[in-house]
Amino acid sequence: MSLLIKNGRIVTATDDYKGDVFIQGETITAVGTNLGQQADRIIDALGLLVMPGGIDPHVHLDMPFMGTFSSDTHETGTRAALFGGTTTVIDFVLQRQGHSLKEALTEWQGRATGTAVGDYSFHMAVTDYNDNTQKEIRQMVEEEGITSFKTFMAYKGALMIDDRQMTALMQEVRLHGGLVTVHATNGDMIDYLIAKHRAEGKLSPLYHYLSQPEVTEAEASGRFTDISNYTGCPGYIVHMTCEGALNAVRNATRRNQKVFVETCIQYLLLDANLYERDFEGAKWVMSPPLRQKKDRETLWAGINQGLVNVVATDHCPFMWKQKLMGEKDFSKIPNGHPAIENRMELLYSEGVHKGRISLNKYVEVACTNPAKIFGMFPRKGTIAPGSDADILIFDPNAKHSLSASTHHMNVDYSAYEGWELTGKVHTVVLRGKIAIEKDECLVEKGYGQFIRRGKTGNFI
């Protein structure tokens, strides 16, 4: 099967020009102007943007958490991602304490293999670092193609590791060319504040936010950055939300350190006032919580300053019935927010259309940087001969609104209900096959492939 996309405005992280893209099988074979190749199918992209497929490096699909599971499976979640212009996601495998990394990987493979619609990879979340775990790091990198290792500085007794384990893990991961990512919040301080608020009978969703003040994230981000600097291991802070945390990274640049930073679309657009809506605020209960206007402004600036490298989602949806588990106690509300389908359109409408970021920066933080940082570039994240034919054809002028009644995520509410956007996904190509066209998914369950990833460098 060959495909020719003609007359589009081709945009990468560095380029912006009118041209054509020729695809043979699963691969881009030519990019240029007035290409004359014969093709089985021609798409006229006049007036449309032609960009790399989005990469969301932070999703939680079918994840066990707080006594339940996130509501999107690898099938429904990757399909929804495709509808939103994201062709590859990276999910998190969670090691169970007392069990091996390999056991956890086998469990997640059982959920994803043969069910994913879009392409996917895995991070390995290390929750029990010991001598046996240490021996598995090389295997994950060399044999499984999993080169990033997630750590938690919160969720004590379940996911959290201490600084001793963090240091040892970083030293081992560095030896094998990997990357350590972190949920950087001070778990001990948060646990204390949760207990305090509960004892005082302060149980509404607002107290989820008040139990995780900015200092808990700023302190942990600085501590992680220091450990990363000491060990020489590349470090990546996930879902950064606030000015204090980003300032910790700014300070690290003064000693010539590079720390990768990810924020999520919700932290750029929403704020903590939503927690004052009685229990409806549970829709936005996530960790870290939403912050203030000043923090949104800081994150947008951080993108343009090159300090914030990636915009992801931390997609972890729960049905409203699941959120009601915490109706009488905020600490029992499953943490998570649905956005895997909305990220690319929201970031374009609120970022590019409103003049906050350039079109090249949009591609950089949503497509190219995730591919580079996580060892998938140039196979993914760009439009070039030899790259996978993962293409987003985007209508920059189409106006539409977001709603739970029309989205494809397996969740019965939208965190952006009624938002009016400019810019909409038109067509999506995944490895040479038209995946989304005319608001229909044309690829079947199981089409998605696991993407083995290469080792990490410190440069993007």
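Trainee: Is Asn-7 buried, partly exposed or exposed?
Mentor: Partly exposed, at 25% relative accessible area. Buried means under 20%, exposed over 50%, partly exposed in between (1.4 Å probe, protein chains only). This is a predicted model: local features need pLDDT of at least 70, side-chain atom pairs 80 or more, while totals for chains, interfaces and linings use all residues. Residues are numbered from 1 along each chain as its sequence is written, and side-chain values use heavy atoms, leaving out hydrogens and water.

Trainee: What's the phi of Asn-7?
Mentor: Near 65°, positive in a residue other than glycine. Most residues other than glycine have a negative phi.

Trainee: And what about Asp-314, buried or exposed?
Mentor: Asp-314 is buried, at 11% relative accessibility. Its phi is positive too, about 55°.

Trainee: Switching topic. Which residue does a cis peptide bond join to Ser-287?
Mentor: Pro-288, with omega about -5°. The bond from Phe-377 to Pro-378 is also cis, omega near 5°.

Trainee: Now helices. At what angle do the axes of H2 and H3 cross?
Mentor: Roughly 50°, and the axes come within 9 Å. So H2 is oblique to H3. Angles under 35 degrees count as roughly parallel, over 145 as roughly antiparallel, 65 to 115 as roughly perpendicular and the rest as oblique.

Trainee: Which residues of H2 make the contact?
Mentor: Leu-101, Lys-102 and Leu-105. On H3, they meet residues including Ile-137 and Met-140. Contact means heavy atoms within 4.5 Å.

Methods
Axes are lines fitted to C-alpha atoms, for helices over the stretch in contact, and angles run from 0 to 180 degrees between N-to-C directions. Helices (H or I, at least four residues) and strands (E, at least two) are DSSP runs, numbered from the N terminus.
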